[in-house]
Amino acid sequence: MPDPAIRLEDVSVRFGEKRLAFDCAIPAGSAVAVAGPSGAGKSTLFNVIAGFEKPASGSVTLFGEDMAGRDPADRPVSIVFQDNNLFAHLSAADNIGLGIDPGLRLDAAGRRRVSDALARVGLAGYEKRLPGSLSGGERQRVALARALVRRRPILLLDEPFAALDPAMRADMAGLLAELHAETKSTLLFITHQPEDIGRLAGRVLFLEAGRILLDAAVEDFLSRLDPPAIAKFLGRSGS
Amino acid sequence: MLFARAERRMLDIAGGLALGGVVVFVGAAIAVLLGHAGASGGGPLLDAYIGRVARFTLVQAALSTLLSVVLAIPVARALARQRGFPGRVWIIRLSVVPLGLPALVAALGVIEIWGRQGVVNDLLRLAGLQNSVSVYGLAGILIAHVFFNLPLAARFLLAALDRIPPEYWLSSANLGMGGGAVFRLIEWPVIRRVLPGIAGLVFMLCATSFTIVLTLGGGPAATTIEVAIYQALRFDFDPERAVLLAFLQIAVTAALLWLLSLFGRPPEEGMTAGRAIRRFDGRRRRLSDGLVLLLFTLFTAAPLAATLVSGLAADFGRLAADPMLHRALATSLAISLASAVLSIAIALPVVLVPRLAESGDAGAATRLMGGALPAVGSLILLVPPVVVATGWFLMLRVLGETGRFAPFVVTALNALMALPFVVRVLEPAYRTHLSRTARLALSLGVTGWRRFLHIDWPALKRPFLTAFAFAMALSLGDLGAVAIFGAEGFVTLPWLLYSRMASYRTADAAGIALILGVLCLLLTLPSTAAERPTERPRPDA
């Protein structure tokens, strides 16, 4: 059996009084929705995987390699946030180019890769545009294009749809599903919307109060009536 | 509609009084100066002198600005990057202190450290270097100006860097951007945007700096226009030259204000909260950043510490029995209290009448005042205090005793000097307060005094006290207006300190400087220290 893309063993993180604990294994190539009430530790889980947060104990293993002491840039991970993914004073092409060379020294081949990536996310010809002149959905597409050129096998999306209106959410989810199928990358995304889970995910991690409450296939998750936190998330409480 | 009928009438009267009072006060001074200017001939000798003074004024201001702003960049970057640096909060608090310190006290502190008997020259001698650094002249002026403005510029830059979206730092770490790339692609674009405003402000402060140049420069080779005015009036008694210099000063400040308006306002200092800022590019630079912060702390804290140490060594028993000190202290407190009250009294119509003029049924007079009063609020930036004081000095000289009228002129001048600051504190506070409460208060019929007592004062207590405290501190530490009028019967605390320094009674001077410094910091620090909320990382935002 191949190594899982992500394996967290007895990982714990402390925030003052609060203690978060994670233990899970995510197979390579899967698309996983990370859900749960706010404050449950979803972003912290991402921070641990991406290397922004150093666990107090336990180990983080990505594709069989222990990540202890590895800088965020040296991990096989790209991350996209809800907002502010793009440097506002740099053009779309420069923002994507940073994914090829973090000092922004690109040759002709690099610039071609940037244009190809823009075209792939449906923004052909947008090279010179500044983020301020793009819609929220277009900005997120540019961020995805940057993740594409980085070619890291794990993609973390921290509420990538939260700032978008419903039509754009559906578009973005469709684009993500296509890219996931093409690149075979391992995709994790945080969401508050059950419909995003149905559109995109094969598995669901449900977090509550700093631990993983449930790790299940998406069909199983969506039909659950318990525990109460999950029923509430799916809109089935109080009825 | 924000005001009741009776309130509108009151505001119209107050606005008229404020506008008329300030215009007459400043206008009379300028009229007197104009009258004198007609009598003067000039001559090539005078032209050469004035040219030299004007050149030095601009050169020292340019060098001070360059040094302050360029050195502020590494300090701000280190503070922005090292979020967990031990004592970081205290370094930021320390950088507020020079702002509240009278220039004279700071100059004394700079002499203690950089002067002939100072620590720096002791160290140089230990190292075997004989050529000691001289604190008098251009070098001393630059050191003192950097002491004031480097922390100011660093705080503005830090605020700008802290407004960078926190996700940028996560993205840059994820992308693996190195220190050079982070500076070039993230920090520099932000710094470049705020730099012209900061540099313009610092240049303005340095070009009109009086006390620093008076104490550390002053020779013919190191004199600015303001100090030259003072010397022309008080030493050479050459009113014609003083008048010529006064108009030169107005021309220079007018040009500077015009340039400043092109650059835009200095950036806001406000903090944006939201997601906690976490920097990943600081780990490898802890050593170099630590060194930068250590040097900055030493540079800023050393003159303060020296003021404290030599002040405590003074003979306070003798000082306490000194009737001169009692008189100076009483005079300074009375003038600073009166000028703070006057400043706020003028500021209220400056802030409120423009709001009154916004409503549809405002009369022509109200509209006119609404347009003119904000300009009155910053008139003193265009016509510096030393210039107005010169006009009044020449006018009152004709009447005989200048000393008798001095307290009133100095009080009015100090009030005008504080006015731009007082307005900047009260204006935004009143604006939000009125938009929240004015209509409700009107509909309930709570107007006039009752409105002030029950609705305005409880909500606006903090900005009022902040403005009052700063206006008092500014007046307490002011030497410029007093220096022009300084007479036998009229002695303030800074003037006493200055004359003790001039007569080499250094122990007394150190004691008085400590008293003055502590008084001013007691007034200014409480409101500045309480601003910052503590930063703590939170799980899951």
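Which residue takes a positive phi in the hairpin of β9(A) and β10(A)? In this hairpin, which has 2 residues between the strands, A:A209 takes a positive phi near 50°. The model is predicted: local features need pLDDT of at least 70 and side-chain atom pairs count only at pLDDT 80 or more, while totals for chains, interfaces and linings use all residues. Residues are numbered from 1 along each chain as its sequence is written, and chains are lettered from A and ligands numbered from 1 in the order in which they are written.

**Chain A overall**
- Chain A has 8 helices and 10 strands; these are DSSP runs (helices H or I, at least four residues; strands E, at least two), numbered from the N terminus.
- Its radius of gyration is 18 Å, close to the 18 Å that the globule rule gives for 239 residues, so chain A is as compact as a globular protein of that length. The radius is taken over C-alpha atoms, and the rule is 2.2 Å times the number of residues to the power 0.38.
- The C-alpha trace of chain A spans about 55 × 45 × 40 Å along its principal axes.
- Of the 239 residues in chain A, 41% are buried (20 or more other C-beta atoms within 10 Å of the residue's own; exposed means 12 or fewer, partly exposed in between; C-beta atoms are placed from the backbone).

**Strands and a helix residue in chain A**
- Strands β9 (residues 203–208) and β10 (residues 211–217) of chain A pair in the antiparallel sense over 6 bridges; pairing requires at least two DSSP bridges.
- A:L207 has A:I212 in β10(A) as its bridge partner.
- A:M168 lies in helix α5 (residues 166–183) of chain A, and it counts as partly exposed because it has 17 C-beta neighbours inside 10 Å.
- The C-alpha atoms of A:M168 and A:E138 are separated by 9.4 Å, with the two residues 30 apart along the chain.

**Interface of chains A and B**
- In all, 22 residues of chain B are in contact with 28 residues of chain A (C-beta atoms, placed from the backbone, within 7 Å).
- On the chain B side, α8(B) gives the largest share, 7 residues.

**Helix α16 of chain B**
- This helix (residues 364–377) has 14 residues and reaches 20 Å from first C-alpha to last, close to the 20 Å expected at 1.5 Å a residue; the expected span is 1.5 Å times one less than the number of residues.
- α16(B) bends by about 25° at B:G371, and a proline, B:P374, follows within four residues. The bend is the angle between axes fitted to the seven residues ending there and the seven starting there.
- Buried residues of α16(B) include B:T366, B:M369 and B:L373.

Definitions and conventions
Contact = placed C-beta atoms within 7 Å.
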